[in-house]
Amino acid sequence: MSQLNIFGRGAWGLGLMALAIGASAAPQTEMNLAAGDSTSPSFIAFESGPVRPMAMSADGQQLIVVNTPDNRIEIFPLDEQGALGTPVSVSVGMEPVAVSVNQRGQAWVVNHLSDSVSIVDLKAQPPRVIKTLLVGDEPRDIVFAGGRKERAFITTAHRGQHRENRTLRGVAGSGDPQLSTASVDRADVWVFDTARPGYQFGGRPEKIVTMFGDTPRALAVAPDGLTVYAAVFQSGNQTSVVHEGVVCDGFMDDGLGSFPCQVADGITSPQGLPDGGLPGGRPAPGVNAFGEFQPWISMMVKYDRDLGQWRDELGRNFSNAIRFDLPDHDVFAINADTLRQTQDFEHVGTVLFNMAVNPVNGHVYVSNTDANNHVRFEGAGEFGGSTVQGAFAKAQITVIEPHTEAVKPRAINRHIDYNQLKATPETRQHSLATPLDMAVSSDGEWLYVSAYGSSRIGVFATEQLDNDHFWDGSGDEFDPRQASANYIDVSGGGPAGIVLNEANQVAYVATRFDNGISVIDLENGSEVEHIAMHNPEPESIVRGRAVLYDAQRTSSNGEASCAGCHIFGDQDSLAWDLGDPDLANKRNPIDINLEHTIEWDCIYDGPDSLGCLASQVLNGDGDGRTLGSMKGPMTTQTLKGLSNSGHMHWRGDRAVGYFGTHSGDEYDERLSFKNFIVAFEGLNGMDIALPENVDANNKPEAVMTLEQDIEHFTDFMLQVALPPNPIRGLDNTLSPLARKGSQFFHGARRSDGLAFDVSGQQDGFTCEGCHRLDPGQGFFGTDGNGGHTTENQITKTPQLRTAYTKVGMFGLPNRAGFLPSDTRQHQGEQIRGFGVLHDGATDTFFNFLKGAVFDNGESDDGGGTDINEGMVGIPDDATRRGLEQYMFEFDSDLAPIVGQQMTLTRYVNFDAYERLALLEQRAATPFVSKILGGNVRECELVAKVVVDGQERGWLYNPETRRYQPDSVKDHDIGRFAIRRMAFFRGQEVTFTCVPPGSGVRMALDRDLDGVLDGDESA
């Protein structure tokens, strides 16, 4: 290989190279990886959910597949029979999850972690990234549509640093995401003109279309190309929760709960009982099967569409306890020319994954699951009378008829008898779990569905899905036991995407579990080839992933899996009441801040004081160490970022369990995660009888297999990280409001307890004293301890890295033990039914911070406290607003710059150079993160460019301020030199800030075999 000419041909290019590099930059004589951080892991897992992982070129000659863990797309040539050839790899952004091909022969790739879209020129030799568009946080899907001109539509969350960038001034829908404002449209679709996506370094959308829903995921296009459909990802199901401080005292079976009461503020909501009335306390039972008292928890309610009321499981009207309306807008229709919403479709499902459109009749098919979170309890359901075991998230294909606006949910596993908790072995043979990507045949007669949790492709006759008479319970009915004869098994696991090549009667299926591709013969419904793409994931991640998703392996009915609630290892924006009244209470062994103060109200204020009475029902029996078996509604927590957060569940429940009980000073996250093993039987409905603990003798083989599976699951999940914070500045600075909150959070003034210690123990804490922030130990809001506050249960202090995701519920009555609610007046329509804290019953962090425990004693309003007047607590609402914003911008394991990109082209301006300077600056800035190895830098900066017909990589060394090449034969180059490379046609340079430790792999040595990429391909 000749020495690399980075500036093109000609004397001018050589002169610039000499000027930029200088005489001291000789070619490398050996591999030097000083630019990378050798103490950090070479791979960080994020488990981004696949959306549209495959696309085929218009001429049918190329198959483009996202290689999510490798941050690339693989472009496979297709021969005349549709067989896969040797792929060409193109580096894109981090965690690509969707790809689509437009009329210009470009593949637009959605990079979930990078908040970007890579535009790849498929006609170039070799294909290369020609521009990177910057969009909102966590983009998911992309389609092209339009009559007057072709436009790109991209779904994102209603947040992210770029939506407030100055280059977007004047773009409708951009700007402040208004995280603390009620009734805001939060379903964002960014729209770009594909011919003119913007000269700015990150492009410039024509408009950000915003709709009244939460974050959208899937997109689809009508057959005429004039309408785009956008589906809200976690759209909810019109359930919410009544705050424990609002529900009337007691349970219906304890002599207290049968009496009605009034909300504390006396306000009557629409359709509520007169004079702010509530019908009574919590539904029975108030004790478990062993007669042990249970905590006075919050309570699930569901909106009754016919009556317009919020009702509990007994049918009682609790509308006065809910101060908002919750429309169920699930799928929106957007005019692709006017960019205006034209329709919305309700009650499609709870978690909406993907959409496909029938090219003949225009029907929209939505793959989704429907949650049963309004039903209480896991386990056998004997004493409590109900359970969601095996039936918590039912798989559906919902048919939308745009012309009639009919919405028809179709339960594709209707053969399952959910009353039979342990299904027969034959049941799961006909089941499909977690339906994702879909494709419709060109004649409109067949729908192919990627069943992610089943390793199958479901094949459905659209006639059966479309027509009601197959679903009315009489005559010729849709029967999965018959339909499953057409289902197609695929190897590799986790089918996530499907593309039909009808000219050759084959289909291509992306399998995420092994990062592979299956080729399916459509004529006989069999797999004819399976190949694996390059995968940088450790074997421990690949091995454990299936335990999260595979319903065939982890349930008896083949539909239930851990991923039914923990969507792609994350959460579902719902609360669930998953206590088990058939079990006995347990003892909590974790450390509890202020535990010694539980009896103070009784000692100092007397046995008849309200505080004393409340302490006597703490955890149900007044014992701070009790873990009640009926814990009440709890919001689903993410499984990501658990490795240093202490014992799991909201109360630290998993400190006690099958594999052992916590002891000692150090919390054992591995032990805690393994203790989840009981959920496979009690919640998923796996046909297994676990013994009391792991030390039991003569265990059946099935039990030992499950024990090994949970080991693998633990290996996998404890490696999955949370994404960087999308609200905090890319330079890792706080907004002025968040700085105000940070100063109080980390200040000397205690936020609760006493100003001075009088008991010989710590009698009060600052915010940070409980919500510990110590990146070196991996503490981001919690050190694993519990805390005694004003809640009816002792809960573990939670981490705060995901606080920014808890936005969209506004409306809360006044509550006992709190200052007056800021949103006690009815707030009108909102997009979420669950807010913050363990049960999601508190709408905003601001209202949480109005707890009497945080009052400074100066309030004249009801609900406050006069302890240590003016010395302890949050001094004013301005500080509360600052604290709320600080939680939205809270520190995380990764710096905000991680994943951020830009492509430098010939058409540069000041903003582009400023962006690149920011990336280089952050790559040189010290950072501390336990999961990254301790003291590192915020990121490692990778540069990719096609030179002399080959994709080449460079890694920035902040110590020398030079870029190291991916070949020992080439020179390090200076910052000016790498900028000059982009001045030449076909040499666009794409820069990406990657996690510390990943730079060498992503820039220089893809397979980490010690031979640099540029030398392997020489």
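A residue counts as buried when its relative accessible area is under 20%, and this cut-off is used in the legends below, which describe close-up views of a predicted model.

**View 1. Phe-392 and Trp-576 form an edge-to-face aromatic pair.** Among the 26 aromatic pairs that the structure holds, this one has ring centres 6.3 Å apart and planes at 90°, so the pair is edge-to-face. The pair links distant parts of the chain, since Phe-392 belongs to the loop between β23 (364-371) and β24 (393-401), while Trp-576 belongs to strand β34 (residues 575-577), 184 residues apart. Phe-392 has a relative accessibility of 3% and therefore counts as buried, and Trp-576 is buried with a relative accessible area of 3%.

**View 2. Phe-680 and Phe-713 bring together two helices.** The ring centres of Phe-680 and Phe-713 are 6.5 Å apart and their planes stand at 70°, so this pair is edge-to-face. Phe-680 is found in helix α9 (residues 678-682) and Phe-713 in helix α10 (residues 701-717), 33 residues apart in the chain, and both residues are buried.

**View 3. An aromatic cluster includes Phe-233, whose ring also lies under a charged group.** The cluster is formed by Phe-233, Phe-353, Tyr-452, Phe-513, Tyr-549 and Phe-568. The charged end of Arg-217 sits over the ring of Phe-233, 5.5 Å from the ring centre. Elsewhere, the charged end of Arg-952 sits over the ring of Trp-954, at 6.0 Å from its centre.

**View 4. The largest nonpolar core has 46 residues.** In soluble globular proteins, nonpolar side chains tend to be buried together. Within this core, the members that touch the most others are Leu-941, Tyr-963, Ile-978, Val-989 and Phe-991, and several elements, including α15 (910-923), β50 (940-947), β51 (950-957) and β54 (989-994), each supply at least two of its residues. Leaving aside neighbours within four places in sequence, Leu-941 is in contact with residues including Leu-916, Leu-919, Trp-954, Tyr-963 and Phe-991. Apart from this core lies another, of 39 residues, among them Tyr-452, Cys-562, Leu-642 and Phe-659.

**View 5. Strands β7 and β8 form a hairpin.** Strand β7 (residues 116-121) pairs with β8 in the antiparallel sense over six bridges, and six residues lie between the two strands. Asp-121 has Arg-128 of β8 as its bridge partner. Strand β8 (residues 128-134) is mostly covered, with six of its seven residues buried.

Technical notes. Residues are numbered from 1 along each chain as its sequence is written. This is a predicted model: local features need pLDDT of at least 70, side-chain atom pairs count only at pLDDT 80 or more; totals for chains, interfaces and linings use all residues. Side-chain values use heavy atoms; hydrogens and water are left out. Buried means under 20% relative accessible area, exposed over 50%, partly exposed in between (1.4 Å probe, protein chains only). Helices (H or I, at least four residues) and strands (E, at least two) are DSSP runs, numbered from the N terminus. Two strands pair if DSSP finds at least two bridges between them. Rings of Phe, Tyr and Trp (its six-membered ring) pair if their centres lie within 6.5 Å; planes under 30 degrees apart count as stacked, over 60 as edge-to-face and the rest as tilted. A charge sits over a ring if NZ of Lys or CZ of Arg is within 6 Å of the ring centre and within 35 degrees of the ring normal. A nonpolar core is a set of buried Ala, Val, Leu, Ile, Met, Phe, Trp, Tyr and Cys residues joined through side-chain atoms within 4.5 Å. Contact means heavy atoms within 4.5 Å.
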